Amino acid sequence: MAHIDAGKTTTTERILYYTGRTHRMGEVHNGNAQMDWMVQEQERGITITSAATTAYWKYNNEDYKINIIDTPGHVDFTVEVERALRILDGAVAVFCGVGGVEPQSETVWRQADRYKVPRIAFVNKMDRSGADFYSVVQQMKDKLHANAVPIQIPIGSEDGFSGIIDLINMQAFIYAEDDLLGAKYQIQEIPEDMMGETEEWRAGLVEALADVDDTLLERFIDDNESITADEIVLALRKTVITGNVIPVLCGSAFKNKGIQSLLNAITAYLPSPLDVGAVTGTDPRNEEKITRDPDNDGPLSALVFKIATDPYVGRLVFIRIYSGILHAGDTILNVRTGKRERINRLYQMHANKQNPKESVSAGDICAVVGLKDLKTGDTLCAIHKPILLESMDFPEPVLGVAIEPKTQADVDKLSLALQKLAEEDPTFQVKIDPDSGQTIINGMGELHLEILVDRLRREFDVECNQGAPQVAYKEALTTTFELREVFRKQTGGRGKFADITVELSPADNGIRGLQFVNEVKGGNIPKEFIPAVEKGFLEAMSNGPLAGFPMENLKAVLKDGSFHPVDSDSLSFEIAARQAFRRFAGKCNPVILEPVMATEVVTPEEYVGEVISDFNRRRGKVEGMESKAGLRVIRAKVPLAERFGYVTILRTLTSGRATSTMEFSHYEEVPAEIAKRIIEITKGKIL
């Protein structure tokens, strides 16, 4: 996991070569990297979809099996990182030796924190001009608040980067300049001119471990000079698994330096499924907490983390097995739907290639064919031993675009293709505008939508016309209003009646969606009608009072009401809630919210003024500026509506010498004059 261009795919390609998984090294810039198999990835030189593979590595004369997922770095495809981290046991965070901790590095680090994933760090590109290993380690401490502890230090840097010093075994690995494959390296004595520095970093390593490991602390107090390499390795493994220490390694994946020692570190320090231990879930029959050990003899439990469409085998469902063994032909239970599903075929994946398997055991990642009604995050388990595992949360799309097929004949093809793409990607949503009848596709950014439209053309043979990008605005209430709504309808025979008294207000801090509170006492409204009131408000939230944008949040407190013994039913109370929202939400001073993006621009000093004044024109707020590798890094928060086409404008402002990254930060109230214009455009449908 890493920021864009830190070298994730190149590092993965080298791992596949050294483990014998492939017999030639693929290069991202040549478009022949094994893990970047999509045409769009090869053309653009970026990773778009996470690719899974399996490799074997010999460490201490034992063979180890490693499941690897290479994830994208671009923020538009952050969902790929999210779902990979949810099901993996460890991560390698790759940092650029020049760029250090960049914005997307911080995002993926937070995602790994959320899922408590143990990780090690690899500082890549040590051969590049401006590379500074020690600066990157310091940035990890300052920006990520990580207990980053180097277990290697580089010998030289930039053009002079020739090897690494292993601080645990106190050895130097010198790579032969004439060996372009990096398979040959010599283990030598540490250069004399680096001995003092090496001893200092070794002492720092032992001290950092003693701070978090009681066993090593005792040895450190008794006689820290006699602490052995084996004791350090044992302490490192223990502290990495608990997340107390992040070992930092270095190298240059492109120049084939440091990959073998990275593989050793993955095997030595990152946990196996046995180290992670039992997975916890709930029993869907009684909501009790239950666990499943990573044991082949236990009942099956697995999590769906990705769905992909393959032109030859159809719908591929990627799953992680937590316990038990899954065989081709087995019938299993989908806990969300309560339906049984049959596994037709099982595959072990290598990027987009499938290797058929008869069975897959606990701790493994595989792809299955034959499952129908599934979503990302579903739990699959043994029929008579159900368990519901924690699902995944995905960010909401912030950008929309109207599309239509170029020919009427493609209407059905487009609908089917969009349905398949939406199944694959939880951050991609399709909806029909109720007023204009247009098909609107929503995604995480311009690049995300561009790739999806390109896939429609290439994979599904549907040519589309596109509208201008539309920002995913939301609405929110700012004040409280108490109301009474009576719904009464008499049409001969049994009528409809519902009476509710409700208080509408903004939701409590940190709550998204509907916060429904039932304060009805004494049976004024029967219990069976209360969920209908909640459902009514939930449905009403999709259409805000100002311009029809979805509501960010809403608190609805049901205080009182009445019912009719004959005419009242659930539907009556649901309609009453919807009507109450439509009639009275406008009295709570609603506002329009817009997505605001955290933006970082890296620019030469002479263009700082132009970049900042351009931010000001875009309603941006500059939050900080710092120097890095002779350049200025400007951090700002800018509304997404003002960011369209920004990359081109930035190139013009800085003669193509600046770069920018952005990611979604939060929703913020739109200034009154802009909100007024948005409402006019939306209600008048001036597109």
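Author: A nonpolar core is a set of buried Ala, Val, Leu, Ile, Met, Phe, Trp, Tyr and Cys residues joined through side-chain atoms within 4.5 Å; buried means under 20% relative accessible area, with a 1.4 Å probe and protein chains only. The largest such core here has 101 residues, and those with the most contacts inside it are Met1, Phe95, Trp109, Ile120, Met140 and Tyr269. Helix H9 (residues 259-269) gives the most to this core, with 7 residues. Another core, of 33 residues, lies apart from it and includes Leu452, Val462, Val471 and Met662.

Reader: On what basis are these values and numbers given?

Author: The model is predicted: local features need pLDDT of at least 70 and side-chain atom pairs count only at pLDDT 80 or more, whereas totals for chains, interfaces and linings use all residues. Residues are numbered from 1 along each chain as its sequence is written, and side-chain values use heavy atoms, with hydrogens and water left out.

Reader: Which residues of H13 are buried?

Author: Helices (H or I, at least four residues) and strands (E, at least two) are DSSP runs, numbered from the N terminus. In H13, the buried residues are Ile530, Ala532, Val533, Gly536, Phe537 and Ala540. They lie on the same side of H13, because they cover an arc of only 165° around the axis, the arc being that of the directions from the helix axis to the C-beta atoms.

Reader: What do the buried residues of H13 pack against?

Author: Contact means heavy atoms within 4.5 Å. The buried residues of H13 pack against E31, strand E32 (513-518), E33 and H14. Those of H14, in turn, pack against strand E30 (481-489), strand E31 (496-505), helix H13 (530-540) and strand E33 (553-562).

Reader: Is arginine 455 buried or exposed?

Author: Arginine 455, found in helix H12 (residues 446-458), is buried, with a relative accessible area of 12%. Its side chain is joined to that of glutamate 424 by a polar contact of 3.1 Å; a polar contact is a pair of N or O atoms within 3.5 Å, where within protein one must be able to donate a hydrogen and the other to accept it, and residues adjacent in sequence count only if both atoms are side-chain atoms.

Reader: How many disulfides are there?

Author: A disulfide is a pair of cysteine sulfur atoms within 2.5 Å, and by this rule the count is 0. Cysteine 381 is in no disulfide, the nearest cysteine sulfur, that of cysteine 366, being 15 Å away. Cysteine 381 is buried, at 0% relative accessibility.

How values were computed. Buried means under 20% relative accessible area, exposed over 50%, partly exposed in between (1.4 Å probe, protein chains only).
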